[in-house]
Every structure is written in C-alpha cells, then in structure tokens.
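Okay, thanks for coming, everyone.

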Amino acid sequence: MNIQTEHRQPTTGTTAYDEVYYPGHVYGLTHPNHLATIASVYGMQPAPVERCRVLELGCGVGGNLLPMAFQYPDSEFIGIDLSGATIERGQRNITALGLSNIRLLHCDIMDVDAAFGQFDYIIAHGVYSWVPPIVREKMMSIFKRNLAPKGLCYVSYNAHPFSHLRDMVRDMMRYHTRRITGMKEKVGQARAIVKFLSEGSKSNSVHGAVMRDQCTRVLNAPDELLFHDDLDSGATAFLLHEVVEDAGRHGLQYLSDADFSRRYLAGYTEEVRATLQRFPESEFMARDQYQDFIDGNGFRRTLLCHEGISLDRKVDLDFITAFYLLSTASPRRPDACLTDDSEMEFENQDGSRITVTNPLLKAAHLCLGRAWPRALSFTELLYGARTLLEGRQTGDDRRILTEALYILACSGEVSFLKSRPFLVKEVTDCPQASLLARRQALSGPLVTNLLHQTVQLEDDRTRHFLQLLDGSRTIEQITAEMTETFGPTIQVKQMDDAGQPTAPLLLSTRQSVDRSLASVGKLGCWLPEAFDGVGLGKDVAAGSRAASQFVERKPLRPISRRGCIVGQGAIR
C-alpha cells in the first residue's frame, strides 16, 4: 500500500454538509469495472480493476468508495471531502470493516496537488455543478495532472436543456425560503410553495404541465437531496459541449456518456436515427449534444481521458463476446417450452419484459437468470444454453447469440463487464453474508451488494436475519434464533400477475429461512470468493441450488436503477 497523501485540514469552517448529513450511496456507473468496460469498448487499455488507484472528489461519508475498497483489497482508494463531520463518520466505518486500502481525507479540492500521485480512475459525482468556477477549474486541472496516462475520469453535473425547467422552480423555492435557515422548515416550505403554484397554474397550459411535473419531482425528493441539490444557491447547469470544451483546454478529450445504452437509437423515429447516425466519429460529442436536445436530458455523466489517446468509436457486432454478461431475466411462465418456436416472456428486476421465440435464445436467457448474480463469459453462456437444449446445436448458434446479445447489451437489457465480478458462495452449513452488508444493516434498511448495487431490506426481521449470517451459526441455529425472536410461522405477502395482493402464504420459520438464504444469494450479498473456473459449465446448465428455486418468481422491485428489495418470504 502506497497512498501518497497526508491528512490536510481545510482552512474553511463548517459546511452545510456538516449541519445536514447527505446520505452516502453507491453509484453503479462510477465503479472502476464499469468505467474500464466502457473504455475498452472504445479501444482504450484501462488498468485492471483488481489492481488500480481510485480518487473520488467529494466522497462524502464514503458510501460509494468504501464498497469498492471492500471488494478489491489489492487496489487503493482515496476520497476527499470538505465536510469534516462526514469524513469522521466515514473513517469510523473504515475502522469497523478493518480496511487498510482506503483513506478518507478532510481536504479541500483546491489543495489536491501532484503529491497525491496519479490515479487510474478519478470520480467526481455530484460536485461539478455545486462548486464555484474557480473550483471547477481546479477539478479540470486535477483530471489532467492526477490522471494516469491510460486513466479515465467520471464527472457528473446538472445539464441543459431539462435543467432550465428545474432552475425555474428552484428560483421560486429559493425566493420563498430566502429567510429560512432550518433544514426541515426550509424543505417543508419549498414543497408547499411548489404545490401551491402548480395547483394554481392552468392545467391546459405548457407552464401548468411543467409545474405539475416539477411538483411531483419536488414532493418525492428526499429532504437532504432537496436541501443540498435544489435549494443550494450555487447550483449551475451546463450543456455537454461546454464541459467538453473546458476539458479540451486542459488537454482532455470526451470519451462518451457513462451510460452505454444512451448510444442505442432504436427508440427514436427513423428520421432521428438516420440523422444522428450520420455524425462522423470526429463529431461524436456533437451527436451526443443533439441527442440531449432531443431527450431533454437534465443530468450528465461524462467520461474524459487524455487527448493523446486514440479512440475507436466503431462498435463491432461481436464486441460483446469479449465481456462477462449479467442479466436478472426470469421467465414469467417457467413451464413454457424451450425447444420449439413458441413465445417465452422474460422479466427483469426493473420490470422490463422481453419476448423470445428462438430456442437457443430462450435457453440463454434462462441461463443468465439462473446464474445471477454470477457473470458468464460468452463461451460459458453458449455452452450452458446448448446444455439446456440437451446438446442440440446448429452451425448458426454463435452468430444468433452474438446478434441477440449485441442488441440486448446496447439497449441495457443485458449488462456486460470487462472483469468478472466477485462470485458468491453457495449456502453452506454455516452461511456467511458480507461484513459490509451486515454492518450497513445495523443502522438502516439499505445495504450494498457485491455488484455495487443498493439493496433495501424489507423489514426489521430481515435486518435481524442478516446479522445472524456471520459464519458462526448453522442453519438450524439460525432457525432456532429466528423462531425465538419472531415466532414459529410467518405470513408472506403474495401478488398476482397484475401486481395486486392476494391471500398471504403461511410458512414455517425454517421454510422462510431457506427462502431468505436463497434471496440473499440472488442479491449478491454473500461473502465473495475467488473464481476458480471449475465446474461453471455444469452450474450454468443446472442453475445454482439456491437460485434455481427462484427462477419462476417475480422480479425484485427496484429502488434505484438496478437496486432491489429482499424480505423474509421470497424474492418479490
């Protein structure tokens, strides 16, 4: 370990983030494995996530950075933040987890210099729009000076054109609350004035439609987010080209949006697709700017790299064969026939659905869903699909699967990664969930799984159950403790295909424990183990013992783009 930094105390006093805590969350698009994947797609050779250096500007409590450090003990992670109270809280979490590869520093961005060294990945999520121009200029300097030659930088910010509408309502809220200092009262009055103004506007006018849409956003926003993101007087939005041109002045170039699926144009009209596709590679950023205008985009996640790096924007059909694949797809009717051309519908965690008729593709979707949260290589997936079809294969299998996965990956239906994520252990006699998830569950329902996703535990019973998975108890002992604490039976809420509640299912505590053990495994919360490559083909074909019971169940309800909820009864 060679983190070349000192604890540097900022010269400024307390910040708004000291007074009003901003909860720390994970942001999947900032993960080094994801960043390395996007860089590889466009011809870069990024540092392997297993051994890299990562810097996060504005790390807060470390909610995004700390899980990365937990996953990759041979990599180095440094986070800086101006809020001393937040950093102290994060340092306590580091100590509790016994991590030695991460440091959170109470430090001003203006004090970051060459002594910090160079980093393979630099992350600045939710900072650029909320700092003064002089700090934004410093951030660009850090991106250039402290970024390794083959490094990648992620910077997010409020974007136009949508932010014009957001800023209109921000002006109204800030005017109304200009003399209020307390967070609770300020946020309450901000919501009240937007509700009053939206209800008073004409429903059949453009202004009225905008006000009602913004009112919904304001009413649903968490208090801390509304206080810091909307009521902050310094929040500034940008057009994509403005940020990219500023980066260019510092010797950086635009790589792409962090969300690869944004380049997928199938959802647009034929005229729009044809126009956007005519942009040459040299005007890749301009294409994305016009797409923002079409979409009304309001938040940008921009990737930057050094200007001297040669990039290849052309994405070949078979690019997907070089990556590891993940999908949460589960069949809506598990009894559907695999071997004929009948329709088989699959549903993902986020509720999206896809209908498949080709037997090979039906088998491939089933393999991916059963393997989740494990990732499969293209070869493993092809082998697994053929095995499910009892060895049936044709000379076109590879081409058919490649073409289908290309579309699914580009549209975001199937995730792909450069490095294989951590596998998760099967349920053993003494099951052990990750220490990170167990520690997080002590203080609240939100935990982070080993795929850098936020998972919401459904109730206190589930949180208590997770604490028992420390590797010291057998399943029988866990069942006995759950029975002593909560009783011998549990009622499980049931939903029909339309999402309506039906009669609850009564389970014994042992039955609920068995189901919950499988749930924890499907959520990627088990203690990670190294991949040895042994027997995966067989496992792909049959599905893991814990997971196979749940192939037919309803997908998880998302709380973030790819987050989910787990309860004592089942994955629902």
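Predicted model: local features only at pLDDT ≥ 70, side-chain atom pairs only at ≥ 80, totals over all residues.

Is A433 buried or exposed? It's buried, with a relative accessible area of 0%.

Now let me zoom out. The chain has 572 residues, and 54% of them count as buried. For secondary structure, we get 21 helices and 20 strands. If you take the contacts with a separation of 6 or more, 75% of them come from residues 24 or more positions apart.

Helix α16, residues 435–443, packs on helix α17, residues 460–467, at an angle of about 140°, and the axes are 9 Å apart. On the α16 side you have A437, R438, A441, L442 and S443, and on the α17 side R463, L466 and Q467. Sort that contact by class and you get four nonpolar, two polar and two charged residues. The crossing there is left-handed.

Then α17 has another partner, α18, which is residues 475–486; their axes come within 11 Å and cross at roughly 150°. What is the hand of the crossing of α17 and α18? That one is right-handed. Here D460, R461, H464 and F465 of α17 meet I478, M482, T485 and F486 of α18. By class, this contact divides into four nonpolar, two polar and two charged residues.

Helix α7, residues 183–200, and helix α8, residues 206–220, pack at an angle of about 155°, with 9 Å between their axes. An angle over 145 degrees counts as roughly antiparallel, so that's what we call α7 relative to α8. The residues making the contact are R191, V194, K195, L197, S198 and E199 from α7, and M211, R212, C215, V218 and L219 from α8. The class count for this one is six nonpolar, one polar and four charged residues. And α7 passes α8 in a left-handed crossing.

Helix α5, residues 133–145, has 13 residues, and from first C-alpha to last it reaches 18 Å, close to the 18 Å expected at 1.5 Å a residue. Its buried residues are V135, R136, K138, M139, M140, I142 and F143. What covers those? The cover includes β1 (53–57), β4 (119–124), β5, α10, β6 and β7.

Helix α12, residues 284–295, gets the same kind of check. At 1.5 Å a residue, its 12 residues should span 16 Å, and the end C-alpha atoms are 17 Å apart, which agrees. Buried in α12 are F284, R287, D288, Q289, Q291 and D292. They pack against α10 (240–249), β6 (252–257), α11 (270–277) and β7 (299–306).

As background, most residues other than glycine have a negative phi, and most peptide bonds are trans. So where are the exceptions?

H452 is one to click on: its phi is near 60°, a positive value in a residue that isn't glycine. You'll find H452 in the loop between β15 (446–448) and β16 (454–457). H452 is also buried, at a relative accessible area of 3%.

For peptide bonds, the one from H160 to P161 is cis, with omega near 20°. P161 sits in the loop between β5 (147–158) and α6 (162–176). There's also a cis peptide bond joining W372 and P373, where omega is about 5°. P373 is in the loop between α13 (359–371) and β12 (376–377).

That's my tour, so over to you for questions.

Methods
Residues numbered from 1 in each chain as written. Heavy atoms only, no water. Helix = DSSP H or I, 4+ residues; strand = E, 2+ residues; numbered from the N terminus. Expected span 1.5 Å × (residues − 1). Buried < 20%, exposed > 50% of the residue type's maximum accessible area, 1.4 Å probe, protein only. Contact = heavy atoms within 4.5 Å. Axes fitted to C-alpha atoms, helices over the stretch in contact; angles between N-to-C directions. Parallel < 35°, antiparallel > 145°, perpendicular 65-115°, else oblique. Left-handed = near helix turned anticlockwise from the far one by under 90°. Nonpolar A, V, L, I, M, F, W, Y, C, P; charged D, E, K, R; others polar.
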